[in-house]
Structures are given as structure tokens and as C-alpha cells.
Amino acid sequence: MFYYILKRILQIIPVVIGITILLFVLMYVIPEDPARLILEKGATPQALQNLREKMGIDKPVYVQYWRYVKQLSKGDLGTSYRYRRSVNSILAEHYPNSIKLAFVAIIIETIIGLLAGIISAVRKYSFLDVLVTVSTTILVCIPVYWLGMLLQIGFGLKLGWLPMSGMGDGSIRFYILPAITLASVSTAFVARITRSTMLDVMSNDYIRTAYAKGLSNNSVIYKHGLKNALIPVVTYIGIDLGTLMGGAILTETIFAWPGVGRTIYLAILQRDAPVVIGGTIVLVLIFVFMNLFVDIIYAILDPRIRLEGGGNINV
Amino acid sequence: MLNKKVLFALFAFVVISSLVVALFTGCKISTEIATTTAAAAETSAGETTKAEESTTTAAANQPKTGGTMRLHINEPVSLDPPNSYESEGIQIARQLWDGLFTYDPATLETKPELCEKYEISDDGLTYTFYIKKGVKFHSGKELKAEDFVYSWTRLALKDTASYLAYHLSPVVGYDECQDGSAKELKGIKALDDYSFQVTLKYPYADFINTLGHVAFYPVNKESIEKAGDKAGEMPDGTGPFKFVKWEHDQYVELVRNDDYYGQKAYLDGVKYLIIPDEQTAFLEFQAGNLEYTDIPVGQIKSTEADPQWKDGVIIHPMLGLYYYGMNLNAKPFKDNLPLREAISLMIDRQNICDVISEGVNMPATGFVPPGIPGFQENAMGYTFDLEKAKAKLAEAGYPEGKGLPILKLGYNTGAGHEKIAEAIQSDAAKIGIKIEVEGFEWGTMLEKAKSGEIIFYRLGWLADYPTMDNFLYPLFYSKSSDNYSEYNNPEVDKLLIEARSTADKAQREAKYQEVEKLILKDAAFAPIYFYGTRMIVQPYVKGFYLDNMENYDLAPVWLDK
């Protein structure tokens, strides 16, 4: 397992190099000039030239790239064109907020989604099952910004129970509405995936055997059924966690959450290449580690899955 | 055994997740305590003022000291004057700094602020400024003339690559600083601690009127050098409020400057809450968590009708022009005055303002908006008239639009411009002009308009200073970099230069008015509307005045609650 993890971590290096080249080329071929974008007034050729020099985009792309790689090897992600601040500090300010919110959302979607899925699978075609099916369908269909605004008006403005925007003092109250909004669609998906895989598993012979040998209902459902049904759910949650950590533009915008999603989104609009590339590199790292984490969970959940390293060493 | 493993994995996952969350929130504890104590201090201060209030109800209109004003804002780019080029940074910088000059909020006339007095040489080229004594930066250092020399030189230098450097372009030595051949701005020198001299390249009578701009604010060399890369986040100003903290994408906090040389502010502090979504900010306002915000488009009429809010609604024209530009060196606009007139005549401006902007914007009647000293009412001879537009179109050689190629109209996407473009498209169809609308990214559009790839486009111009010159010179002087329509009228050029060197205010205004009339006669482009503000303030906020440049001064503001 150690070799496997090491190998996976080493794989990150070519991925990051690939990403930087790809993004550099993409940001370069986009015809828009970041200097032109900022300098709305008084854009004389001299002023534009000065700004390009300041941004470091006056040189050919390979020179820029080489300089970037040199910086990157020292862990320096460069300076934002627009804010003229270090990208490292911009990301350090915003990523933790997105990650914190993502974890709260994941907890919500795991608990509620799993429970709803299990209940509707076990009580197939019951009232509860129909309720879960209908409500998950509705959840998937509701646009996030609408749900967010509804929660704000309901719980924030009308009832006054919860704060409507920002992180405030960082207490959990501020997390509730954005986390619910962020988790809404995924909760529905988790419930649906759990339901369908549970139904699949519960129709297996070994479940019948388990019932036949007199195991309690709960024991059959949770020890035999759920365990086997969890693999696709874990996959979904793992990938979702990676996605959510990358920030959620809509949720962050509606709730004024100081996360990274909106920061990168704005940077794309403003052609702020250092922020876009730096943010993406961090996101790639998060994804790689999340995938690795999910793979390790697989092995724990299902002993038939082996994590294989360089040789043929089994866990 | 296996069952245990499953449960363990699930359990571990939840526990790890909660741990991570706890860890992150845990890190916050120290700051949390700090903010709670600060908040507690605030409330107790608030209570004392309330107690005072009950004893002094007789003096209800007496300003009360205390409280924090919370204003909605977007994430500013920078609080360093040479880089405060967008409205958010400017709003905050205006509270943190006093400039050499400022604008009277009601009349927009320029008035001295840090300046004690000034002298202008007879040839209009040399300005001598005497600054107030005893003004201190927030860091404690006294403001001296050399600070202006440092600040303005820094603004002009190539290395600074300031977005606002162009404000100094009339000053001697500016070009050398920009191209990097000089490290000092030749046109500015300190005479002693409290006076300095500025030399201009050409007479520019409105120079004084430009000096209220944020770009000219004096910065403290020591603070700038100490801050290094963080200069944008560590402002050291001269104004009635001091900078406390900028938590990015969350808030910017200011506190009253008790060492202020002038009338001290009533508010204890100011908190700018960074909320990207106007709708969310408006909800926070309705919940009483904000004192000042924008009214979201779509809710203007209903807010104006709401008895709870109507008194706080601030809707008035701004010094800004929304227009449709035409490249005058490209067919079919080149040398075809009747066509350009027809385009201007066909636009139902009132309809656009009433329907799309809910009455916030005001139909343009010229290039220079109301509120600017010298504004001429109904300067534009052509207003909405379809019959006349048809006649002009025929005169232009395209009766009922026959023979006229489809006009491609460029606009920048994502800011609601397509609604106006579509309205104008349908107006145009009524007289037979076919318009195809095409969205671009902002920078692309500017570039293409400049290079002449797009010859028909929408643009806006917001005033830097309340002068007629600020509209007419940049947009229409033949060599100006903001003259996208490539307007080139030697007579206008000559008059503009003349106006700039006319010291007498009335005579100068008359010249600019003549320029505006000439350009309007040329139908150089089609003005659509003058921008308007759509802000709202809580009824208990007193002494708040939003001027036509959307500037405000929080020093005289107090909270009546």
C-alpha cells in the first residue's frame, strides 16, 4: 500500500506540469489582453506597455512559462494581475473557507442522503419511498440560486434565525444556510444512488441466506446490504468533495461566502492568469488526494479490491 | 469482522470530516473571541449613547456620536491611491484620505481641503500650492509638501504602472516618467515644508478641478516602503477615518481618526461588508444589517412605493454617459452625417430609461450630463422622431434602409447591455435599418473598437472630475486615447485647446458649450442616457449626502437610533 500511495503521489508531478502548460497555452491563445481589460481609460500605447511589463506579459510565452516554472518550483504562484497581490496569499485566504464549507455540506449530504436512500430502498414503494423519490427529484430540479434565496428570505429575513451572508465570526450558524444550499443537489444524488444500489444488493442470494439463517432485519440491512451498496456512493461523495472544495460559484456568490470558487471564476473573467493557474494547480492537488483517499476507503470497504503498487505487492 | 470494517470506515469518514471542520473552526477561536469582545464593546458604547439620547430628546436634531455605519461593497482591488481605479476602492479611499482639493457635494464645485491657498502664474503654467500645517498621516507623521512630490512622482513612474497615471499627463516630465527615462517628475518640486510648485506642459485651466481625484491623494513614503507588496492593503491616509482591517471578500473596517485636524467624525467606525450579490445585500439591508446598499434592478419601483423604505431611496443622475459609438473612419458612417443623425433620431431613449432601467437613468440630451458646471439643457437638437429618422435615412442614400449593410453592434456581455441593444435593434427595424447584436468580452471589445474591427458599439463614460472638459476632451480630441470613434474635427481640437487655456470660468464654459454643440451637430455618436444612481440608505442615517459622482463623505454622518 505504501508503494501504491507513493506512486500515486509521484504521478502528481507530470499532472501539474501538464496542467500548467495547458493553462498557459489556453490563457495565451485567448485574444484578450489583460492590460487592456484593466486600463479602461487613458490607454495610451505607453501606458499599456508599462502595465504589460508590470504584469510580466510583455515577453514571449515560452519565456513567461519558464519564469513561471522557476517560481513554481519555489512554491511561488506569482502575483495577481488585477489585485497586485501574491497568489499564494489570495489562495490561502480563500481555499480554507471553501474546504470548511465543503466538509459541512458533505456531512449533511452523507447523513441525510444515506438515510433517505436506505429508508426508501428498504421500504420500497411505501409512502416514505415515494416521498424520498419526489423530494429528491424536486431538489435536483431546483436552481441553486433560487433555493439559496428562498432560505435567505425564510430563515434569515422573515424568521431571523440564521445569518444570510458572510462568515461573520466563523461560528457554525453562518455555515448552515450555505451548506444546505451547497449540499442540496448532492444529497438527492446520494439518496438516489444509495437507493438503487441497495435495491440491487438486497435482491442478492446472500441477503436471502442472511435472512434465512435468522439474522435480524437491521443486521441484514446494515452489515450485509449497506456495506456492499456503499462503493458507488463513496465514489460519488469522494468526487463531490473534491468538486465542492474547488468552491461553488453560485452558493459563494449568493451567500457572500469568501471562497475560492468565485475568486477563480472572477479571475477567469478578468484574464488574471496567475490566479487561474495557481488556483487550478491547488485544485488538481486536492482532486488527486481525494481520489487516493477514496481508493483507500474502497480497500477498507471491500477486501476484494487491492491497491497495487510498483511490484505486485498486495495490501 | 467485515461488518466492523464497514462501520469503521463509515465512522472514520464522519469522524475525520468533523475533526477537520473542528480543526478549521478551532483555528478561528482566537479571532472569534477578539471580535466578540469588540462587538461587546460596541454594544455597550451604543447603550450609553441611547441613555444620553433619552436625556437629550429635546435636542433631537443634534448629531450624536457613536455607532458603526455598515455599507455594502464589492471586493475592492486596492486601497493604494494610484491603483484605486474602480468605484469600490475609491469609496473607501475617500474616507481614509483628504485630498489637496475636494468637490462640494451639492454643487460639485472644487474646494480646497488640504490646500490652504494656491497661486497660478499669469501664463497659467505654474501652480503653487500651500498646504495646511498640522495635518498628520494616520501613522503619526506630519504631512509635508515632499509627500505630495513623492506621491505624484510615484503615480507617474513607469514602475508603478498605475492605472490612473494619465491624470498627471498635463504635468511637465510626465512622459519621461512613463517611458522610464526619468525617475523624477520634473514638473513638481517642494519649495519648503508646506508649499510646492507644479509646472504644466500647456495651460490647463481645469487642472485644479482634477485634483480632487483619488489618484492625487498624498501617501506616506515610509508606509508605502514598509508595506512593499501589501501597499494596497495597508493604507496610511490623512482623512477622518483610519484603516483597521481588510478581511478579503468579507469586510473592510475603518475607525474614527481622533487625531484628525478638522471636524472629527461622529461615527465610531465604518464597516464595508463585501457582498457580491446585490440581491443578498438588499435582503441584509431589509433585515437591518446594512445602512447603505444598491437597490437591485427590478425592485426599484416597488421600493420607491414602500412606505418603510421610500424616504431612503436615492435616485438621481450621475456624471456618466451611456452611448453608442460609431467609427467615423469606416463605412457606412464615414462622411455620412444623415445616417448618423438617423440612428440618433430613431432611438426611443425615454422608453429605454422607463422600461429597462426603471426610471433610474435619464434620457441623454447631449454629451455632458446635468450636474456638471456648464451643463446645457437640451443641447441635442435631435430627439426621438421616427418620421424625421426615415427622412434622414433617405437623405443618407438608403431609403427605407435599402442598400444599407447590416450593422453589427458590439456590446460587452454580462452586464445587461443586451436588453438595451435589443430595444435599439427593434427601434432600428422600424425605419428599415437592420442591426445584428454581437456580445464580446469587455477587453476584446475595447481592443476591437480601437483597432476598427468593431465600428458600431456601446460604451460608457463616467466622469473622473466634474468638468465639461472631462467629457469633451478625452472622447473627442483627435489625439486622445479614449476617442474610439476617431472623431477628428480641427475646429473642435482648436476650441478644446483654447478652452483649456482660458482662465476665466464663464468664458471657458462658453467655449466648451460651443464644442459640445459642434460635436452634436456632427452626430459623432449617439448618446443614449445619463447614468443614474439607485441606492438606498436607512432612515436613521443622518447627514448622508450622495453626490452626482456617487461620492459621499462619512465624516458628517451620524446615526439617529
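In this predicted model, B:Thr153 is in contact with B:Glu184, B:Leu185 and B:Ile188, once its neighbours within four places in sequence are left aside. B:Thr153 counts as buried because 21 other C-beta atoms lie within 10 Å, where the cut-off is 20 or more.

B:Thr153 has its place in helix α3 of chain B. Helix α3 (residues 145–156) of chain B lies across β5, β6 and β7 (195–199) of chain B, and runs at about 175° to β6(B). These strands belong to an open sheet of four strands in chain B, with the order β4-β5-β7-β6 and antiparallel pairing. β4 (115–120) and β6 (188–192) of chain B stand at the edges with a single partner strand each, so one side of each has no neighbour in the sheet. From one strand to the next, the twist averages 20°.

| Strand pair | Sense | Bridges | A facing pair |
|---|---|---|---|
| β15 (residues 407–412) and β16 (residues 435–440) of chain B | parallel | six | B:Lys408 and B:Glu436 |

Between β15(B) and β16(B) the chain passes through helix α12 (residues 417–431) of chain B, and this β-α-β crossover is right-handed.

Conventions. Residues numbered from 1 in each chain as written. Chains lettered and ligands numbered in written order. Predicted model: local features only at pLDDT ≥ 70, side-chain atom pairs only at ≥ 80, totals over all residues. Pairing = 2+ DSSP bridges. Helix = DSSP H or I, 4+ residues; strand = E, 2+ residues; numbered from the N terminus. Axes fitted to C-alpha atoms, helices over the stretch in contact; angles between N-to-C directions. Contact = placed C-beta atoms within 7 Å. Right-handed = clockwise from strand over helix to strand, strands pointing away. Buried ≥ 20, exposed ≤ 12 C-beta atoms within 10 Å, placed from the backbone.
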